[in-house]
Amino acid sequence: MLTESQKQQYQRDGFIVIPGFKSADEITRLRARAAQIVNDFDPAAQSGIFSTIEQEKTTDDYFLGSDNTVRCFFEEEAFGADGLLKQAKELSINKIGHAMHDLDPAFRAFTADARLEELARELGLSDPKVWQSMYIFKQPGIGGEVRWHQDATYFDTDPVSVTTFWFALEDATLDNGCMWAEPGGHRGPMRERFLRNGDDVRMEKLSDMGWPDNSTAVPLECKAGSLVCFHGLLPHYSAPNRSAVSRHAYTLHVTDGATRYSPQNWIQRDEKLPARGFL
């Protein structure tokens, strides 16, 4: 799947961008299914807002209960002072998460790609296990910032193995809030760890090392169909989307089954719904 040059880049930078990995037809089918999930979603029944800012304070039962099911989350700026949505529901959803890859046939079909299994092994995962899926909308005008973080914070293994597979379903640009990453930043320490004990969560600080800024980070602009793969310790973030166009993406977090998966990670699985690979 990867050239020697790509493998070297991944080792050096902590990420690679693979253009044209998914076809327009595959993207169309996934987007249509996401639209249907949002259409069927009744916020009056129960809903939540997703934010990476002060995450301990914004994590609630609705979020924690989404670990092994499929739920919709609103953008932080979706509601006005009157508590009502500022715009249509389909333009107010931040993301869908977190087990579509196992529970929804359309998302499973997109995820069950033999090329991803091969790619994961080439990136060093001897036994790939997919723990989480998210469909991210990055809505026009109100798409929220995702603060600097490392994905290993949420998927701690010993040794660190979590690898992110991020699919651009629309063009990701500077204008609509593309990701930024710090080349080589994956060689630094894990800065924090998100711990769950039952319904209690907390963010444990592990390092005083600061986050990068735009002087050392680079934008990961890419076209629809591109796949971005990055190391779990790679610092990355995305700015708010103040443009008139959305930035849809689908992302998977994958660990190596040969490593020890922390019992304090927020997503756990049992024999009823075991973590499985791409196939």
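The model is a predicted one, in which local features need pLDDT of at least 70 and side-chain atom pairs count only at pLDDT 80 or more, while totals for chains, interfaces and linings use all residues. Residues are numbered from 1 along each chain as its sequence is written, and side-chain values use heavy atoms, with hydrogens and water left out. Helices (H or I, at least four residues) and strands (E, at least two) are DSSP runs, numbered from the N terminus.

Back to α2: this helix has 17 residues and reaches 24 Å from its first C-alpha to its last, close to the 24 Å expected at 1.5 Å a residue (that is, 1.5 Å times one less than the number of residues). Its buried residues are I27, L30, A34, I37 and V38. They sit on the same side of α2, because they cover an arc of only 95° around the axis, taken from the directions from the helix axis to the C-beta atoms. The cover over these buried residues includes β3 (70-74), β4 (93-98), α6 (105-111), β5, β8 (163-168) and β15 (249-256).

As for nonpolar cores (buried Ala, Val, Leu, Ile, Met, Phe, Trp, Tyr and Cys residues joined through side-chain atoms within 4.5 Å), the largest has 55 residues, and those with the most contacts inside it are I96, L119, Y135, F165, F167, L227 and Y250. Helix α2 (residues 24-40) gives the largest share of this core, 5 residues. A second, separate core of 17 residues includes F15, A168, F230 and L234. Leaving aside neighbours within four places in sequence, F165 is in contact (heavy atoms within 4.5 Å) with residues including L116, L119, L227, Y250 and F278.

Strand β13 (residues 227-231) is mostly covered, with 4 of its 5 residues buried. Pairing takes at least two DSSP bridges between two strands. Strand β1 (residues 15-18) runs antiparallel to β13 and is joined to it by 4 bridges, with I18 opposite L227. β8 also pairs with β13 in the antiparallel sense, over 5 bridges, and here T164 has F230 as its bridge partner.

Then there is Q139, found in the loop between β5 (128-136) and β6 (146-149). Q139 counts as buried because its relative accessibility is 1%. Neighbours within four places aside, its contacts are E75, E90, L91, S92, I93 and N241.

Definitions and conventions
Buried < 20%, exposed > 50% of the residue type's maximum accessible area, 1.4 Å probe, protein only.
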